[in-house]
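Work through the exercises below with the sequence and the structure at hand. Each task is followed by a solution in steps.

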Amino acid sequence: MLTDYFIELINIITFPKVLKCSFVMDQIRNCESVCSSKVRIGHSLNEAESQHVIRRRKIVLQCLMQHGIFCSEAEVPNIAVLGSGGGLRAMVGLLGSLYQLEEVRLLDCIMYLSGVSGSTWCMASLYREPDWSTKLETVKESIIQRLAHGRVSCQDKCHKLRKYMEKPNFSLTDVWAALVVSNSVNEIDEHKLTEQRSKYANDPYPIYTVIDKQCKHKRLNADPWFEITPDESGYSLTGAFVDSSCLGSQFENGKKIKDQPEMDMLYLQGLCGSALAEGFEIATEICRELIHLIKYMEESYTSDASDVQNGCQVLSALLHLHLCALTDEDPSVHCKTVNDLLKDKYDETGQMTLPINLMTSEGMISTTELRDYTLRVCSYFCDLLDVVKCIKNVVCWTWGTTYNYLNNMTVEEVDPSVLHSETRDYEDAGLLLNSPYFSVLRQERHIDLIISLDFSVDDNPFETVKYAAKMCKDLHIPFPEVDTSHLEKSQDFYVFRGSSKVPTVIHMPLFNAVNCKGEIEKWKDRYYTFKSHYSYSDITDLLGKAGLNIKNNKEKLLKEIENVIEEKRTSKLGKI
């Protein structure tokens, strides 16, 4: 690393001590400032990750020796653990799995830890603690207590939302993070991702994942996959990266032209965990949270602020109308409320009461007309700008807007539509694939073994791994054949073997016939995806179920590790 280079320089040059440190440290700061403001194009690991892998390999080697597995350092396998999406279920499930990996002394075998959606919530909690894997019992108990007994007040959520509104690219992701994610994880984490740098020397390298929404919709198969690490962020397969401290800043032709604040960890959790961004459940949840927020704001105003209170009531009634549109409920009561409150209000287009064409012939609300009408009414209530900005994002469905660091660059591997846009919209990777396979399938990461922890509750336990295999085939990315025709459903351990150039994939569904003993559906119903709060017993029971999958398969995991080492050894001998 450049920092290491300059530190070494301090020990060599013969300036007087004070002058020497002052001069060289200035050079360090200046050089790192320049380097971190540039975009990096290329299929290689950044220097910080490369150094971490080198150090981690020695830890993995020692761990293998403790299990009686002996190999050279060159034969040490690169093992990645993947955590799927699944809201709180995934967060707690990943915690239980990692804890049990530590209990059976296998956690130190893991080189990478990558997550989607709810699994990233667990990762955010873990990596906030330096070298968390060395004190996992304490960290686990802290997370349990927060999830079971913590609470974020409406005042704190409102304060956080207002801070987010100062951003130039305020979007629904900010609303989701401040009002909903904070409520699920029971905290507002304002730490920055880059604060984790150099604090996980004894832990697997962390990779958070999202997708580029526009690329997904335009079917640019090689471009949607976007990874975020403490050191660098960018398109995993394309090879276009930027220093993570600069993600969100404004760029022009590869140069940073204006700083923007680095995203905090609450926003990152909202960005990664917005898997419902194309479903009505998230809209319903946000509308309800905004209604609570408006009520809180209305109660905080003095009695003489009648116009503001009237505006709060109008906006609340509009949100209720949106809820009716989403749930097919009778909207007549809220229609009457809106009309009564706006009967004397006019704007440049005329009276602001509900238009006749808002209602369909079946007595339901036309969502298109409601959206247009809501935007019109919102523009009238300037005194409630905070709420108005939130509601506009709801009706326009704007997510994850971020300044594009590839703006106006020329990069052959990147689709022109990405290069010619000032902003990009990022969202939960689970909307495309509910496991972060493509972050670890970067060729330069040389992954030998993938342990996929699937916390979804799909009827088909192979859905994610089969879809990953199909995508890899289309993209010509090495991936083992996934033939499930001969496999029993509902088992806890499946292996799809690779070769020297193809990683082996271990697939482990959370709820299965082994750890649920004939009650799989009961456990799925108990931990449904949209459940936003777990009791203490919910948490500890789920930790136990996830842990059993590791505990019951320790020997199988060790056997597959031995297999990939033997494959590496055989491949190496074949080249001699």
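Contact means heavy atoms within 4.5 Å. The model is predicted, so local features need pLDDT of at least 70 and side-chain atom pairs count only at pLDDT 80 or more, while totals for chains, interfaces and linings use all residues. Residues are numbered from 1 along each chain as its sequence is written, and side-chain values use heavy atoms, with hydrogens and water left out.

**Exercise 1. The chain as a whole**

Task: State how many helices and strands the chain has, what share of its residues is buried, and what share of its contacts joins residues 24 or more positions apart.

Solution. Start with the secondary structure: there are 22 helices and 16 strands. Helices (H or I, at least four residues) and strands (E, at least two) are DSSP runs, numbered from the N terminus. Next, take burial, where buried means under 20% relative accessible area, exposed over 50%, and partly exposed in between (1.4 Å probe, protein chains only). The chain has 576 residues, and 56% of them count as buried. Last, consider the contacts with a separation of 6 or more: 72% of these are between residues 24 or more positions apart.

**Exercise 2. Strand 2 and its partners**

Task: Find whether strand 2 is buried or exposed, and which strands pair with strand 2.

Solution. Begin with burial. Strand 2 covers residues 79–83, and five of its five residues are buried, so this strand is largely enclosed by the rest of the structure. In a regular strand the side chains alternate between the two faces of the sheet. Here one side holds Ile79, Val81 and Gly83, the other holds Ala80 and Leu82, and all are buried.

Then look for partners; two strands pair if DSSP finds at least two bridges between them. Strand 14 (residues 449–454) runs parallel to strand 2 and is joined to it by five bridges. In strand 14, Leu453 is opposite Gly83. Strand 3 (residues 112–115) is also parallel to strand 2, with four bridges. Leu113 in strand 3 is the bridge partner of Val81. Between strand 2 and strand 3 the chain passes through helix 4 (residues 87–103), in a right-handed β-α-β crossover. Right-handed means that, with the strands pointing away from the viewer, the path from the first strand over the helix to the second runs clockwise.

**Exercise 3. Two single residues**

Solution. Leaving aside residues up to four places away in sequence, Asn310 touches Leu341, Lys345 and Phe381.

From Gly430 to Ile211 the C-alpha distance is 8.5 Å, although the two are 219 residues apart in sequence.

**Exercise 4. The largest pocket**

Task: Give the volume of the largest pocket and the make-up of its lining.

Solution. On a 1 Å grid over the protein atoms alone, a cavity is a set of points where a 1.4 Å probe fits but cannot get out, and a pocket is an open set with protein on both sides within 12 Å along at least five of seven lines; lining residues have an atom within 4 Å of a point. Grid points are joined across faces, edges and corners, and a volume is the space filled by probe spheres set on the points. The volume of the largest pocket is about 890 Å³. Its lining has 36 residues, and the closest to the centre are His446, Ile447, Ser500, Lys501 and Val502. Helix 22 (residues 554–574) contributes the most, with seven residues.

Methods:
Ala, Val, Leu, Ile, Met, Phe, Trp, Tyr, Cys and Pro count as nonpolar, Asp, Glu, Lys and Arg as charged, and the others, Gly among them, as polar.
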